[in-house]
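Here are my notes on the model. Please read them beside the structure.

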Amino acid sequence: ATTPGVDAPTWPAEFAERYRAAGYWRGETFGGVLRERAAAHPDRIALVDPDPVRRTWTYRELDERADRLAAGFLARGIAKGDRVVVQLPNVGELIEVVFALFRIGALPVYALPAHRETEIAHFCSFTEAVAYVVPDRHAGFDHRDLAAKVKAANPGLRHVFVVGDPGEHTALAEVPCEPAGLPAGPEPHEVAFLQLSGGTTGVSKLIPRTHDDYLYSLWGSNEICGVDADTRFLVVLPAAHNFPMSSPGWLGVLYAGGTVVLCPRPDPATAFPLIERERITMTGMVPPLALVWTDAGPSAEHDLSSLRLVLVGGAKYSEEAARRLEPALNCRLMQVFGMAEGLVNYTRLDDDHETIVTTQGRPISPDDEIRIVDDAGQDVPDGAFGHLLTRGPYTIRGYWRAPEHNARTFTEDGFYRTGDIVRRTATGHLVVEGRAKDQINRGGEKIAPEEVENVLLAHPAVHDVSVVAVADEYLGERSLAYVILRDGAEPLKPVAVKRFVRERGLAAYKVPDLVEFVDAFPRTGVGKVSKKGLRSTAATPAADTD
Ligand code: J2J
């Protein structure tokens, strides 16, 4: 039992009233929205999962499926407020499962397909999850074995549901049953799910998003991106990421009554035929992937002419690369600078070309409050760089069950310290100039150095370690681990260090790209490792010899 408001800090009453009065918070829930769309246009196609055999769901079918699955979850004791860790790739069952949980008011905890034992064990134990939903195998990895280990270590985890062959667990396909009188679902102001933060600390913080606030970010995004019932959106990034889910993402497109098509892999060889066959109009991706698509576009053998808009964000998109996208793919570009904690900025369809290629957009809402401050917390003059702080109708007021971290990450008056360094142009657009937070942005995948350092410190030969970002032409940044070995320890090879991280059960994208053995780190005055010093030392990427 925990105190409400401590689990999930919320907006002070006067803000909530203002956001309702302004019409941002419409008093809807995810479950209710799906029900309404199913009533309004039952036979329209909501969802296409083309892999390995094409399956489709009409709005009515998705709605019925969510009800039947919700009834099955309830029959197995999953109740309102319970947490369920959902780790599914881009498959139709992901959408079915989350809508079933929304309907009950149980909270999906969005894990990424790449997560492994360390991350999953933490999500399950920290959230006291009662269930965990996995694919049987994905990308060569057997998720059932991992689930068995995590279940053995967490007695509170009562169910493992598997999409596909269940092994020792329960097949998700066996769960649905006749929905006889579902209980009243959640209220619009209640938390709908827990999203993962990119993180700067040893473990990912969890982001509590309410129906009201997230639905506003969806319809606000839809208006900006021109999403409507004719939109056919391709989900190329892992669907559990906040960006492909909500900016405007698959949830935004479902809100508008459009069609969501799930792409099993993001490469042009997989995606381009789907664009042609499904007449895709819109998609979103991270900069490294946009580079690959831009290079492949001109010689594509498939007809990409249905594609009207590509959103690029998640990491800094270079101006040079941004200039090349529109001619290569013969569509419009929109830059998006968002965060799972809330604030999302878009360039606008009617912005001039220079603004679209040189800025990361402006906020969704007139009530997104933006402050740009210096190290002392004083507002900087217009046009100068500073730390971005924000507060608004869809930006959280605190992480889930993290009072101490919240005290550092939010100002007393509720602004979120994004950790990003930005400047604002005369038109109110933001340009991301850098980052003050200790995080590595590996082509849009966020790595908290501390998490990787903690794992490496457990190696018997390692005395100390510091993980930093180094510039990378393709990914923007890669990770480099500086390792100080213990006196007298056997020399290690970089490859052994990487293998150790992998075997400890961290997601592959967190395994250091480069490893370098050093005698000492640069230190600051207070004796703490200076990440800044390390970054400049690492300006030329170190040789890696595995
Ligand atoms: C530079 N840095 C960016 C950009 C995010 C839409 C789009 C992205 C995310 C996302 C998201 C950037 N240029 N265009 O949730 O809804 C970095 C910033 C930011 C952090 C947030 C969405 N777009 N970033 O990337 O929670 O450092 O969300 O604070 O994963 O990514 O990461 P995340």
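How close do the axes of helix α2 and helix α4 come, and at what angle do they cross?

1. Helix packing. The axes of helix α2 (residues 30-40) and helix α4 (residues 92-104) come within 7 Å and cross at roughly 115 degrees. Axes are lines fitted to C-alpha atoms, for helices over the stretch in contact, and angles run from 0 to 180 degrees between N-to-C directions. α2 and α4 are therefore roughly perpendicular (65 to 115 degrees). Helices are DSSP runs of H or I, at least four residues, and strands are E runs of at least two, numbered from the N terminus.

2. Who meets whom. From α2 come Phe-30, Gly-31 and Leu-34; from α4, Phe-99, Phe-102 and Arg-103. Contact means C-beta atoms, placed from the backbone, within 7 Å. Four of these residues are nonpolar, one is polar and one is charged.

3. Basis and confidence. This is a predicted model: local features need pLDDT of at least 70, side-chain atom pairs count only at 80 or more, and totals for chains, interfaces and linings use all residues. Residues are numbered from 1 along each chain as its sequence is written. The protein chain averages a pLDDT (predictor's confidence per residue, 0 to 100) of 95. Residues 539-546 stay under 50.

4. Leu-194. This residue sits in strand β10 (residues 191-196). Leu-194 counts as buried because it has 26 C-beta neighbours inside 10 Å; the cut-off is 20 or more, with C-beta atoms placed from the backbone. Its contacts beyond four places in sequence include Arg-83, Thr-127 and Trp-400.

Definitions and conventions: Contact = placed C-beta atoms within 7 Å. Buried ≥ 20, exposed ≤ 12 C-beta atoms within 10 Å, placed from the backbone. Parallel < 35°, antiparallel > 145°, perpendicular 65-115°, else oblique. Nonpolar A, V, L, I, M, F, W, Y, C, P; charged D, E, K, R; others polar.
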